[in-house]
Amino acid sequence: MGKISRRAFLRQAGLAAGAGALSRGSWAHAMREHGRTKLATDPRRPQYHLLPAANWMNDPNGPIFYKDRYHMFFQYNPNGAFWGTMHWAHAISSDMIHWQHEPIALAPTPGGYDRDGVFSGSAVLDGNTPNLIYTGVLPPASPSEITLDDGQHQWREVQCLATSTDPDLRSWRKLPEPVIARPPQHLSVTGFRDPGVWREGREWLLTLGSGIPGKGGAILLYESHDLRHWTYRHLLIEGHASGKSAANPVDTGDMWECPDFFPLGNRHVLMISTMGKVFWKTGRYHDRRFTAEKEGVVDFGSYYAAKTMLDERENRILWGWIPETRPEAEYRAAGWAGAMALPRTLSLDRDGGLRISPAPAVEVLRAHHSQVNGGDRNRDKALASIRIRDQAGEIQARFAANRGFLLRLRAEKGETFAEIAYDPHNKDAELRVNGTAASFATNEAVTLRVFLDGSVLEVFANEKVVITARVYTVPSTPLLVDVSDPTTLESLDVWQMRPISQDRLTGGTGALARPGLDQWSSRNCPRALSENERARRRAGDARRSIDGTSSV
Ligand code: FRU
């Protein structure tokens, strides 16, 4: 929550006259309600994406399907809407869409190896035991211990492990010592973080995001028999030196963050985050070395720190963090920053390129449906009557092959909210969403999938190009869908989307409460799912959200 003076608050709340009469307790209560109302009525705040009830979030961490439920952990700052004092927040879902916020899973241990932050990592099951493996950061005892230097901070990074015996994964016990305490002796590194872990036969393998000065980004590969004792093997893959210099090696691509490595079809895929983007590489994995054959960008917009998991049907699901693109002062004042992108399904095309599409689970959110067929006589009238309310909608549009298009979301008074454009005849054919462009050339029909949620706009074209835009304009009326030349349109489907909570707090509980948030009242205490609720949800009753409140 941004800082607000008592007087300013009373002025805003129209309470100035009675100010003297407010006791300390009722002042705190009024302040709580003010914070809550501000977030709950903020039209820029997503209503069906996962985000904490307030404050800052970044990377998805350790997503896992365990005992019939999805667990998502993510980087979270309980002290406000700005990056710092990283914790792992926790949320549980039965369908990857409706979430119940849980108490913080991991917090820095005072005096411990993660005293300055619990950074990103993974969750894995060893037999029946859930493990979290993550990067702890702490002050270096000497300059030689520094592995993270971003121009602002200088930290030692170590890899830590925590286990749980709790079926709901609410409580975790940390090992007192790191499981990897320092980089391999002969290597000097540009970073040493974000463990990714998987099993191969009897062994555990672990990747770390890193880079070698003068050589570029790189992924370190370790192996272990017990998740506790790790031996460094070699570089899984290395990049090329950028030849540029910057205070933070991540900005030049000389440090790769958040590696995620997994088999998909007849290839392996590596995702890395660097230079503000997530890059995918597909290729071959032999002798524990990865050779990339194809590469691309996962999302050309506001999207970072991707992390995958297998869903209950063993589909590879991709998660990612949607950062703010507005100035820090604005999101601090708003009291929240960042959101989790919708789950996306990954597959390979015939040439080994990565295909990315919204996971079918998202369809549970669809409410009122409007449909227009390109060939209909009353096409233009049908198109003109469509409205998306509360900035919460899904659009699926199919455009004829080799025809460019311009789809505009605009308010009734005409002001444009977003433009999605494609011109195949331009020599640099590209898809454009407001100010962001991605090269995209096809002679096939184009199927656009668009998800609008407050200030978040996720746009997919033919499962090949994705652009997540942030749009902070608040339209003055419900939105119309304009297609500049409706003869290009083969079909259009528009759904109003249901919020996942009634109050834009997107989880229905105040369980993430910490200094910045302990204004949340006990009314919001988390309630575990009953067996009945779980069964009902599994049976697909999408109208009830998992904390027992009905979606609108
Ligand atoms: C990526 C990242 C990770 C790190 C975490 C800290 O966004 O920088 O490398 O573990 O965020 O919050």
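Which residue in the turn between E16 and E17 has a positive phi, and how many residues lie between these two strands?

Author: The model is a predicted one, in which local features need pLDDT of at least 70, side-chain atom pairs count only at pLDDT 80 or more, and totals for chains, interfaces and linings use all residues. Residues are numbered from 1 along each chain as its sequence is written, and side-chain values use heavy atoms, leaving out hydrogens and water.

The residue is Asp287, whose phi is positive at about 50 degrees; two residues lie between E16 and E17, which form a hairpin. Strands here are DSSP runs of E with at least two residues, numbered from the N terminus. E16 and strand E17 (residues 289-297) are antiparallel and are joined over eight bridges; two strands count as paired if DSSP finds at least two bridges between them. Within this pairing, Arg284 has Thr291 in E17 as its bridge partner.

E16 also takes part in another hairpin. Strand E15 (residues 267-274) runs antiparallel to strand E16 (residues 277-286), and seven bridges join them. There, Leu270 has Lys281 in E16 as its bridge partner. Two residues separate the strands of this hairpin as well, and Met275 takes a positive phi near 50 degrees. Such pairing rests on backbone hydrogen bonds, in either a parallel or an antiparallel arrangement.

E10 is joined by six bridges to the antiparallel strand E11 (residues 203-212), and Val197 stands opposite Leu206 in E11.

Around the ligand are 13 residues, of which Asp59, Gln75, Arg193, Asp194 and Glu257 come nearest; a residue is near if one of its heavy atoms lies within 4 Å. A polar side-chain atom of Asp59 is 2.8 Å from an oxygen atom of the ligand, and a side-chain N or O atom of Glu257 is 2.7 Å from a ligand oxygen atom. Strand E1 (55-66), strand E5 (117-126), E10 and strand E14 (257-264) are the elements that give two or more residues to the shell around the ligand.

Note on methods. Helix = DSSP H or I, 4+ residues; strand = E, 2+ residues; numbered from the N terminus. Polar contact = N/O pair within 3.5 Å; in protein donor to acceptor, adjacent residues only side chain to side chain.
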